Amino acid sequence: MRGWTKLPLVLLVAAPPAGCAAAPPFPAPAPTRAPDTRLEARVDSVLALMTLQEKAGQLSITGGRPDLDSLVVSGALGGTNGVLPGKDVARYTQRMQRLAMRSRLRIPLTFMGDVIHGFRTTLPVPLAMAATWDTALVRRAEHMSAVEAAAAGVNWTFAPMLDVARDPRWGRVVESPGEDPFLGAAMARAEVTGFQGDSLGDPTSLAATAKHFAGYGAVEAGRDYNTVDVSERRFREVYLPTFHAAVDTGVATIMAAFTALDGVPATADPALLRGILRSEWGFGGVVVSDYDAIPELIDHRVAADTADAVALAMNAGVDVDLHSMSYWRYLPGLVREGRVGEDRVDEAVRRVLRMKFRLGLFDDPFRHTDPAHAAAVTLTPATRAVAREVARASMVLLKNQGDVLPLRKDVGTLAVLGPLADDSVEVLGPVHAQGVPRDTKTILQGIRERVAPGTRVLYAPGAGIDDTATAGFAGAVRLAGRADAAVVVLGERGMMSGEASSRSRLDLPGVQRELLAAILRTGTPTVVVLVNGRPLAIPWVAEHAPAILEAWLPGTEAGSAVADVLFGDYNPSGRLTASFPRDVGQIPIYYGHLSTGRPAVATDRYTSKYLDVPNSPLYPFGYGLSYTTYSFSNVRLSRERIAPGDSLTATVTVTNTGKRAGEEVVQMYVRDEVASIARPVRELRGFRKIALQPGESKDVSFRITPADLGFYGADMNWVVEPGWFTVFIGGDSNAREHARFLLGGGT
């Protein structure tokens, strides 16, 4: 048992010398709601009818088995897959629910799966959605996903993934909100609200799942499923806040991580699941395992066999077994042997039944299973419009030397080149639910639709995504040489990111860099469009390409959204939520690092730096360009000193100093100048996306309270210490405009 689990489970607020104490930004536990006595009576009435084996069935969800129909009829399952590519999901869920109505107790099924970035209308991947820095837009997009999925009978999504990720080698960074817990918490609230709406009883809602609890984003070497070993302070300050935000927002379910933290697999960790999640935070929803994570406790070498694994997981606080059917096979026997208490099983079953009642399934098991309604709300002009809006808002302009962008629509000849230019498969990204390539507009198609009638568009791929052959270079170079401008679309396959998709190198795959070099030698003004699911290490591209647009994996409306940005119909407003490294040797790389006792000094060898590359990222957190320019000035504070119970307002004047209307993301960072333990060089504590006309100025204000300034002290109690703090406000994590204030007494 790791040492820090011996600490009190309820957070304590320590009193610093000057008495400046405050609650953490995610206080614990949350107030307990009064129980819904009518709901609890209904839950108990069903539970009283169940055999022990039927209880084990409600705690088991699986799919893709030849005996699935018989399992449902026998009451052996609480739920099954509802996200099945290539199937008419609405008809499938309707048929399976009819089978459930033939079981002895007629308990309805839940239909679950990964509705992560759209259902049939594919949105950009979550890392890209976070790059919008627009929580209202993200909430609206996830609601669109819920409407489509719910109409097909799906009622439980395994999203959002809230793992803070600071190592882009890890493939699942594509599902992450990025490297920062504050922004991640804001996205958590937006996504949970988008999926669940105001009530699970709304027929357009899905039960959301915050995953993977917790620390999965810190896997060693960026290798999926690898071990995690971080300090309790970092765990609580970096990896838990996104999940706490989801719990406070009312997320219905939590998925335990595959990984072991300090040697204890999350699936068998009572300190994590029963301690932090339930006792500290007051979470009352369902905890589900990850896929086959319960029998994998044997491979972790903490369980001798599957029965041992089931006892560990159930006693630790895992309510539902995903896929393995281990609970179904072993729980009844373990109860009879006394290794698992039936009261623990009943507790888990109550949570599952409670969720089904709240979803309205006992009142109408078929409420989500109307094929005609599904057809009417799926892949419509309205859903495509949302996908296009999110995709273009997520794109980040990384470079625009000489104002190559935006392109003129009436350019004489435009060469569209690269292995991803006419792709309708990879742009959907990993785990794209029911999204299909035939519904997807390629970037080449989007460009052809947008140019003036007299413009000639020439196309050649030049090479495959991960080819080693260069035979296609000559054709692409020839077209580039004949063109007035070139758009070169490069990047990763969709499945090069996501689960089980770790990479040891982060450059462009195959011979793509060599292809770009050959095109650039023609002298034709060239724009690189990147299609990828993670930050890439592309210093050569950044040095040599005149313009670079990060388009991520943009989904169904890839072509239209990219064309919107390339031709200036949309002024790019996306900002990075994960730092781009210069080299993999810098990883992990993130803006909120500690300064160390020997911060880097260029003229002093004996400081913390590399011999062969700067410490700084290629592109920092929060970074992004626009077709206009912005200035930040006159950072001022409403007061220069605040007492423990006070707050202050930090205000900055933002001006559009260019000739186009645009949107800027105003970002506020705070630094604790002197503390009892080493603190990050700066921490994001506020952001706002604003629209400005050319020449327009706006004052943007942020409220700062002592709770924004706290941390876990040396004794791991939450504390806010008196002293000086610096506020930085600007357009990325290197913001320079600043002001200082004093918290508490002193000088």
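Ser-289 is buried, with a relative accessible area of 0%. In this predicted model, Ser-289 sits in the loop that runs between β9 and α11 (306-316).

**Ser-289 and its surroundings**
- The 0% relative accessible area of Ser-289 is under the 20% limit, so the residue counts as buried.
- A polar atom of the Ser-289 side chain lies 3.0 Å from the backbone nitrogen of Leu-322.
- Apart from neighbours within four places in sequence, Ser-289 is in contact with Met-255, Ile-294, Val-318, Val-320, Asp-321 and Leu-322.

**The parallel sheet β5-β6-β9**
- Strands β5, β6 and β9 make up an open sheet of three strands in that order, and the pairing is parallel.
- The edges are taken by β5 (209-213) and β9 (286-288); each has a single partner strand, so one side of each is left without a neighbour in the sheet.
- On average, neighbouring strands of this sheet are turned by 25 degrees against each other, direction ignored.
- Strand β6 (residues 253-256) is joined to β9 by three bridges, and the two run parallel.
- Thr-253 has Val-286 of β9 as its bridge partner.

**The antiparallel sheet β17-β19-β22**
- A further open sheet consists of three strands in the order β17-β19-β22, with antiparallel pairing.
- Here β17 (630-637) and β22 (697-704) are the edge strands; because each has a single partner strand, one side of each is left without a neighbour in the sheet.
- From one strand to the next, the twist averages 20 degrees.
- Six bridges connect β17 with strand β19 (residues 648-656) in the antiparallel sense.
- Arg-636 has Thr-651 in β19 as its bridge partner.

**Pairing in general**
- Strands of a sheet pair through backbone hydrogen bonds, in either a parallel or an antiparallel arrangement.

**Helix α17**
- Helix α17 spans residues 473-482, and its buried residues are Phe-473, Gly-475, Ala-476, Leu-479 and Ala-480.
- The elements that cover these buried residues include the strands β12 (413-417) and β13 (456-460).
- Helix α18 (512-520) is also among the elements covering the buried residues of α17.

Methods:
Residues numbered from 1 in each chain as written. Predicted model: local features only at pLDDT ≥ 70, side-chain atom pairs only at ≥ 80, totals over all residues. Heavy atoms only, no water. Pairing = 2+ DSSP bridges. Helix = DSSP H or I, 4+ residues; strand = E, 2+ residues; numbered from the N terminus. Axes fitted to C-alpha atoms, helices over the stretch in contact; angles between N-to-C directions. Buried < 20%, exposed > 50% of the residue type's maximum accessible area, 1.4 Å probe, protein only. Contact = heavy atoms within 4.5 Å. Polar contact = N/O pair within 3.5 Å; in protein donor to acceptor, adjacent residues only side chain to side chain.
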